[in-house]
Amino acid sequence: MNAISAHRADMLSVTPGLVNAHHHLYSAMARGMPASRGVATSFPHMLELVWWRLDAALDLDTIYWSAKLGAVEAVLAGTTCIVDHHESPRAIEGSLEAIDRACSEVGVRVRTCYGATDRWRDDDTLHQKVSPLSPMTKGAKRGLEECERHIRSGKAGMVGLHAAFTCSNETIAAAADLATSLNVGVHVHVAEAIDDSQAAARLAPHATDEWLIVHGVHLDRTLPGRLAHNPRSNMNNGVGYAAPTTRPNTVVLGSDGIGSDMYEEFRLAYVRLREFDQTATPDVVSGWLDNTRELFPQSKDDRVTWRYPHADDAWHAAFTTGMRVERVETATDGSSSPRIIVDRGTTTLVDEVEIRAKAAEAAARLHRRMEDL
Ligand SMILES: [Zn+2]
């Protein structure tokens, strides 16, 4: 090693791979989308004005390019594994395979699910309010079938539900039964906003330790399962603070679709926690990152090299914004060799520039379709 490269090595540090416990890869193309028609007056109203318009415009091509862009942005931030939650009511069949393929081409491990929901009636119009006693819709049934097909094909997956307030009791019970039969958990938004505060009561008879309980800001009781904390999304939506340290659940960290930079999420989770509890230390939130790695134990053998000498120290990482990734090497899964998926700050298996260009073209098509909805 010559003097220059030895000096450069001193500027680097290595951590295991990072894991995103709750992502929506389909939202990578939300950036630049048409403005919402009106000002949201509540959280469900915002979902209707923005997110349900976006997911209704998705087709398999835009799902693929969105996932590919999201996967590229994840690995460039040192995130090697993603737990994804997907919805595309007009392109359900094949959607999970498209996401899986896009991530695999970039070198990212993904465990996706389709978020079944009864919010679309069988005539393709939107329910204003889903009665818990209403029968399961065709859309919800197709969503659960997509989860089952994906998992039975041998791919990593979970059974998804959107949220209790858009699902009938029949759909919730069917999702829980399907997850048990497939030996996986249910991935579901729970009590994200005050409007969904009844969720835990309806989910409690079904939830198990394998479930991924997302948000839990307005939980009125303890549910089994891991609690996915999404501080940036919660602040963006103004839904309140989840106060994860007050919950008995194992806490994991997610981005809820706003990128997949988990150190950035860690820093935000830390300062939001400090606002709540001035005695808290970065070690608490670093523990949440470690918990998140348990969702993909292989991530612990991945090696992320940072252009910063103390990325492996929680107290440094909490106060060092903009740490950049130099190299990412993913561990073998038993059937393949370790792979370098990022080198010198860019992807190696795919052309980052080409993917950004293709994704931009797909996003333009998606946004045009949104204008028509
Ligand atoms: Zn979410």
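Trainee: Is strand E3 buried or exposed?
Mentor: Strand E3 covers residues 79–84, and six of its six residues are buried, so it is largely enclosed by the rest of the structure. Keep in mind that this is a predicted model.

Trainee: Which strand pairs with E3 over four bridges?
Mentor: That is E2, residues 18–23, and the pairing is parallel.

Trainee: Which residue stands opposite Ile82 of E3?
Mentor: Asn20 does.

Trainee: And how many bridges join E3 to E4?
Mentor: Three. E4 spans residues 109–111, and these two strands run parallel.

Trainee: Switching to helices. At what angle do H3 and H12 cross?
Mentor: Roughly 140°, and their axes come within 9 Å. H3 is residues 60–75, while H12 is residues 352–372. The two helices are therefore oblique to each other.

Trainee: Left-handed or right-handed crossing?
Mentor: The crossing of H3 and H12 is left-handed.

Trainee: Which residues make the contact?
Mentor: From H3, they include Trp65, Leu69 and Val72. From H12, Ile355, Ala359 and Leu366 are among them.

Trainee: How do the residues of that contact divide into nonpolar, polar and charged?
Mentor: Seven are nonpolar, two are polar and six are charged.

Trainee: New topic. Where does Trp315 lie?
Mentor: In helix H11, which is residues 314–317.

Trainee: Why does Trp315 count as exposed?
Mentor: Because Trp315 has 12 C-beta neighbours inside 10 Å, and 12 or fewer counts as exposed.

Trainee: What separates the C-alpha atoms of Trp315 and Val285?
Mentor: A distance of 10 Å, with the two residues 30 apart along the chain.

Trainee: Now backbone angles. What is phi for Ala243?
Mentor: Near 45°, a positive value in a residue other than glycine. Most residues other than glycine have a negative phi.

Trainee: Where is Ala243?
Mentor: In the loop between helix H8 (231–237) and strand E10 (251–253). Ala243 is partly exposed, with 15 other C-beta atoms within 10 Å.

Trainee: What about phi of Arg344?
Mentor: Arg344 has a positive phi too, about 50°, and is not a glycine. Look for Arg344 in the loop between strands E13 (339–343) and E14 (346–347).

Trainee: How many other C-beta atoms lie within 10 Å of Arg344?
Mentor: There are 8, so Arg344 is exposed.

Key:
Residues numbered from 1 in each chain as written. Predicted model: local features only at pLDDT ≥ 70, side-chain atom pairs only at ≥ 80, totals over all residues. Axes fitted to C-alpha atoms, helices over the stretch in contact; angles between N-to-C directions. Parallel < 35°, antiparallel > 145°, perpendicular 65-115°, else oblique. Left-handed = near helix turned anticlockwise from the far one by under 90°. Contact = placed C-beta atoms within 7 Å. Nonpolar A, V, L, I, M, F, W, Y, C, P; charged D, E, K, R; others polar. Buried ≥ 20, exposed ≤ 12 C-beta atoms within 10 Å, placed from the backbone. Pairing = 2+ DSSP bridges.
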